[in-house]
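Colleague: Before I plan around this model, could you take me through it, beginning with the chain as a whole and then turning to particular places?

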Amino acid sequence: MSVAYDDSIGVEVSSDSFWEVGNYKRTVKRIDDGHRLCTDLMNCLHERARIEKAYAQQLTEWARRWRQLVEKGPQYGTVEKAWTAVMSEAERVSELHLEVKASLMNEDFEKIKNWQKEAFHKQMMGSFKETKEAEDGFRKAQKPWAKKLKEVEAAKKAHHAACKEEKLAISREANSKADPSLNPEQLKKLQDKVEKCKQDVLKTKEKYEKSLKELDQGTPQYMENMEQVFEQCQQFEEKRLRFFREVLLEVQKHLDLSNVAGYKTIYRDLEQSIRAADAVEDLRWFRANHGPGMAMNWPQFEDEEWSADLNRTLTRREKKKATDGVTLTGINQTGDQSLPNKPSSVSSYEKTQSYPTDWSDDESNNPFSSTDANGDSNPFDEDTTSGTEVRVRALYDYEGQEHDELSFKAGDELTKMEDEDEQGWCKGRLDNGQVGLYPANYVEAIQ
């Protein structure tokens, strides 16, 4: 059974030099470190990819939430478009960051993984083939020189011990000359001891010098062999370093969105959308759709006649006294009050609200529903039995089934004009002025 040779056994390492016995292990360890660094770089890119994905998701969620808020909010016109363009920018940037995530994982991560697999070959015992080859190469190159070095160390130790013994013998002989109690025979023994020690010193010195000379003669070959193995390790490490540089440059290209043509387009489009915002245009639109520019059916004198519009469908209110009244018919628009063309921008108000242009005597803002200056009632005033108006909030969505029913969404607020009738219906008015019926149990009073 063969026993592995350990270069460092019996050798005292006096410095941190590569040439010292066993100090080549740092070079061997660098191979194992290279494999670990590949794993570290993959983990680094994997973590960055997760960050890119999370950022993209946050941008998308932020854009979705604020787009809804802006669309349902009071902002309108071209400024609304400019505002929502910011959300469009976030959505487009989110897509780019998802592309970055995909590039990091599908290209860079996989490239490192494949290179690591090709460069490092795992053995049955757990170590890498490349590590073992380097270890064996250094051991083989160092073994002859290390053996001679141990002989030098042994010869040096023996020579130093002989020198120490010689000094001790000389000291004893010198002290014996001053001791009258010692006989000549004892003095002779001490002198012989000194002579023997001197011979031992000469012999050990000769052996020490000889072993040192042999070591010096073997040093050039030792250095050449060690250099050769070290250079092989250097070439292996150079491949890894160059590969890392190549991969990191690819990572930089994937992370640098400033070089992506689409990225610059996003902000060019955003700037154009914001610069397109026109306050004058928005004010003009609001005036035409919600201000004095709106059309109006101004009342004119007409012969009294019953209006078919007042004959509501009474199927839901059979037990309640129907209100009597008259309405004006044949009303024509006067003046320059025709509805102007709507601008290209569409307001969030217009998306969710409708403004009826037909005048109805059921509306609470009827200018003829109030008393005149003399306190006389308006002859066209509807005789209603409504109580105090109350603000209510919708609990559920409701879609009107008849032309005289209101439609609303859960959370919308409206005004209750009359209390609930025997069949569970209330009369109310939406904020846009539309008056109609709705189920009483679909709303709650606002505290």
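Predicted model: local features only at pLDDT ≥ 70, side-chain atom pairs only at ≥ 80, totals over all residues.

Colleague: In what pattern do the helices and strands follow one another along the sequence of the protein chain?

Modeller: The protein chain holds seven helices and five strands. Read along the sequence, their pattern is α-α-α-α-α-α-α-β-β-β-β-β.

Colleague: What percentage of the residues of the protein chain count as buried?

Modeller: The protein chain exposes about 29100 Å², of which carbon and sulfur atoms supply 51%. Counted by residue instead, with 447 residues in the protein chain, the buried part is 33%.

Colleague: Are helices α1 and α3 roughly parallel or roughly antiparallel?

Modeller: Helix α1, residues 25-72, packs with helix α3, residues 129-176, at an angle of about 170°, and their axes are 9 Å apart. Because angles over 145 degrees count as roughly antiparallel, the description that applies to α1 and α3 is roughly antiparallel.

Colleague: How many charged residues does the contact of α1 with α3 have?

Modeller: On the α1 side the contact is made by Lys25, Thr27, Val28, Ile31 and Asp32, while α3 contributes Glu130, Thr131, Ala134, Glu135, Phe138 and Arg139. Sorted by class, the contact has four nonpolar and two polar residues, and its charged residues number five.

Colleague: Is Val152 buried or exposed?

Modeller: Val152 lies in helix α3, and, leaving aside residues up to four places away in sequence, Val152 touches Tyr208, Ser211, Leu212 and Leu215. Its relative accessibility is 5%, and since the cut-off for this class is under 20%, Val152 counts as buried.

Colleague: How far apart in space are Val152 and Leu215, C-alpha to C-alpha?

Modeller: Leu215 is one of the residues that Val152 touches. The two are 63 residues apart in sequence, and in space their C-alpha to C-alpha distance is 7.5 Å.

Colleague: Which residues does Ala277 touch, not counting those up to four places away in sequence?

Modeller: Ala277 lies in the loop between α5 (261-275) and α6 (279-290), and with a relative accessible area of 28% Ala277 is partly exposed. Ala277 and Thr78 are 199 residues apart in sequence, yet 4.7 Å apart in space, C-alpha to C-alpha. With residues up to four places away in sequence left out, Ala277 touches Thr78, Val79 and Ala82.

Notes:
Residues numbered from 1 in each chain as written. Heavy atoms only, no water. Helix = DSSP H or I, 4+ residues; strand = E, 2+ residues; numbered from the N terminus. Buried < 20%, exposed > 50% of the residue type's maximum accessible area, 1.4 Å probe, protein only. Contact = heavy atoms within 4.5 Å. Axes fitted to C-alpha atoms, helices over the stretch in contact; angles between N-to-C directions. Parallel < 35°, antiparallel > 145°, perpendicular 65-115°, else oblique. Nonpolar A, V, L, I, M, F, W, Y, C, P; charged D, E, K, R; others polar. Areas by Shrake-Rupley, 256 points an atom, 1.4 Å probe, with all protein chains shown as cover.
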